[in-house]
Amino acid sequence: MKITRVETFALPPRWLFCRIETDDGLVGWGEPVVEGRADTVRTAVHELAGQFLVGADPLRIEDHWQLMTKGSFYRGGPVLSSAVAGLDQALWDIAGKAYGAPVHQLLGGPVRERARAYSWVGGDEPAAVRDQIAAQMEAGFTAVKMNGSGRMDRLPSTAELNEIAARAEAAREQLGPGGDFAVDFHGRFSVAGAVKAVGVLEPYGPMFIEEPVLPEYTHLIGRVTSSTTLPVATGERLFSRTDVLPALQEGVAVLQPDLSHAGGISECRRIASLAEMYDVAIAPHCPLGPLALAASLQLAFATPNFLIQEQSIGLHYHAGAELFDYVADPEVFRFHEGHLLRPTGNGLGVEIDEKAVRRADGSAESWHNPVWRHPDGSFAEW
Ligand SMILES: [Mg+2]
């Protein structure tokens with residue numbers, strides 16, 4: 001079997017799919033994208049495919065991964081690691097279809113029958129937090145995640161800390177003691193500011209605090225982890241085992257590798273294994289589309305130290321498309337009591353509606369995250 005063609009599709013709301021075709025007629029799909037840099041990643045996908053994949057045997061996944069990540073003198077970073085990630089997902093999809101098995105079966109077989117998942121709630125105001133959590137509980141979820149704050153001074157004021165606490169209090173009241181909420185800081189604070197903000201959240205017992213500091217300060221995250229009893233999470237902006245190692249050494253409790261950013265199933269599997277050596281759980285980041293979620297689930301079902309899965313249904317960034325729009329059989333993402341059930345289809349286990357994908361290709365407005373400024377006019381982290 002040989003790879004004959006690699007195509008990419010830019011799709012609303014902000015996604016990029018890749019499709020690898022073989023001379024055996026088998027087709028694999030993946031989702032290589034950096035939110036806000038889809039066109040850049042698309043170029044990288046075609047460069048890598050032309051250089052290393054077209055004409056090659058798709059079943060040599062590890063050898064392809066080695067060449068795609070190390071075959072160029074300059075390597076790593078979000079763009080290249082995300083391009084590799086989507087191609088890696090598509091190669092695993094082909095392998096599963098060729099061997100007649102779900103990817104998690106090829107990774108050693110299932111270690112669980114259902115995977116807990118959480119939904120996003122935005123909710124800038126405590127009242128909105130309550131309403132949105134109530135809606136997610138109504139939909140059957142037992143866990144949610146929300147932003148800890150809006151634009152933040154690097155050292156939060158007492159008034160800002162009170163707002164952070166009020167949101168958390170509203171979340172805890174709505175969920176009761178049996179539900180879980182996580183709080184995402186998006187690196188909006190300085191290290192010292194994060195220590196202050198985590199402190200006010202302790203009484204409300206969030207499941208974890210995410211990205212208390214920016215990824216470039218991961219070597220300092222230990223100041224946060226050692227200041228609190230709350231579990232600290234990070235990893236959506238770390239792209240390899242090398243990148244996550246300082247976080248593990250500095251005491252994070254949860255790693256959040258993104259299957260579409262951190263080298264795909266191949267590297268995220270190894271990141272999970274490395275995390276096990278630090279008694280750290282993984283909660284794969286996934287605010288993306290159906291292929292990223294399908295790849296995440298394949299890892300979840302084969303990984304002992306999996307904690308919970310992010311998923312993007314109804315995510316506030318979505319405009320013009322939703323998770324199921326490009327899927328022929330949405331039943332594959334069946335939710336039951338806050339969990340996703342184990343997919344049984346071969347490969348990634350999701351059947352793509354190719355007509356819908358080809359129809360939507362190129363219709364995406366290019367998505368970029370907002371650029372924020374402080375009241376004094378200087379740049380503020382989003
Ligand atoms: Mg996050």
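This is a predicted model: local features need pLDDT of at least 70, side-chain atom pairs count only at pLDDT 80 or more; totals for chains, interfaces and linings use all residues.
**Overall build**

The secondary structure comes to 12 helices and 15 strands. The radius of gyration of the chain is 20 Å, close to the 21 Å that the globule rule gives for 382 residues, so the chain is as compact as a globular protein of that length. Along the principal axes, the C-alpha atoms fill a box of roughly 65 × 45 × 40 Å.

The domain assignment divides the chain into domain 1 (3-102) and domain 2 (105-349). Taken over C-alpha atoms, the centres of domain 1 and domain 2 are separated by 25 Å. How many residues of domain 1 are in contact with domain 2? There are 37 of them, and they meet 31 residues of domain 2. On the domain 1 side, the elements that give two or more residues are β2 (15-22), β3 (27-30), α2 (61-70) and α3 (77-99). Helix α3 gives the most to that side, with 16 residues. Sorted by class, the side of domain 1 that touches domain 2 has 20 nonpolar, 11 polar and 6 charged residues.

In soluble globular proteins, nonpolar side chains tend to be buried together. Here the largest nonpolar core has 115 residues, and those with the most contacts inside it are L48, L87 and V254. Why does this core lie between domain 1 and domain 2? Both domain 1 (3-102) and domain 2 (105-349) give residues to the core, so it lies between them.

**A stretch named in UniProt**

An unreviewed UniProt entry places the feature "domain: Mandelate racemase/muconate lactonizing enzyme C-terminal" at residues 126-231. In the model, this span is 43% helix and 11% strand, and its end C-alpha atoms lie 23 Å apart.

F141 sits in the loop between α5 (126-138) and β5 (143-147). Is F141 buried or exposed? F141 counts as buried, because it has 24 C-beta neighbours inside 10 Å and the cut-off for burial is 20 or more. Leaving aside neighbours within four places in sequence, F141 is in contact with Y118, S119, Q136 and G338.

A294 belongs to helix α11 (residues 290-302). With 29 C-beta neighbours inside 10 Å, A294 also counts as buried. Beyond the residues up to four places away in sequence, A294 touches P343, L348, G349 and V350.

| Pair | Separation in sequence | C-alpha to C-alpha distance |
|---|---|---|
| P12 and E322 | 310 residues | 8.4 Å |
| A294 and E31 | 263 residues | 9.9 Å |
| F141 and R116 | 25 residues | 8.8 Å |

**Backbone details in the loops**

Most residues other than glycine have a negative phi, and most peptide bonds are trans. A few places in this model are worth checking with that in mind.

Which kind of peptide bond joins P12 to P13, cis or trans? The bond from P12 to P13 is cis, with omega near 5°. P12 lies in the loop between β1 (3-11) and β2, and P13 lies in the loop between β1 and β2 as well. P12 counts as partly exposed, with 18 C-beta neighbours inside 10 Å.

H186 is not a glycine, yet it has a positive phi of about 55°. You will find H186 in the loop between β6 (180-184) and α7 (191-201), where it counts as partly exposed with 19 C-beta neighbours inside 10 Å.

E337, another residue other than glycine, has a positive phi near 50°. E337 is placed in the loop between β12 (335-336) and β13 (339-341). With 9 other C-beta atoms within 10 Å, E337 is exposed.

How values were computed:
Residues are numbered from 1 along each chain as its sequence is written. Domain bounds come from an automatic or database domain assignment. Two residues are in contact if their C-beta atoms, placed from the backbone, lie within 7 Å. Helices (H or I, at least four residues) and strands (E, at least two) are DSSP runs, numbered from the N terminus. Ala, Val, Leu, Ile, Met, Phe, Trp, Tyr, Cys and Pro count as nonpolar, Asp, Glu, Lys and Arg as charged, and the others, Gly among them, as polar. A nonpolar core is a set of buried Ala, Val, Leu, Ile, Met, Phe, Trp, Tyr and Cys residues joined through C-beta atoms within 7 Å. A residue is buried if 20 or more other C-beta atoms lie within 10 Å of its own, exposed if 12 or fewer, and partly exposed in between; C-beta atoms are placed from the backbone. The radius of gyration is taken over C-alpha atoms; the globule rule is 2.2 Å times the number of residues to the power 0.38. UniProt positions are given in the numbering used here, feature names are shortened, and annotations may be inferred rather than shown by experiment.
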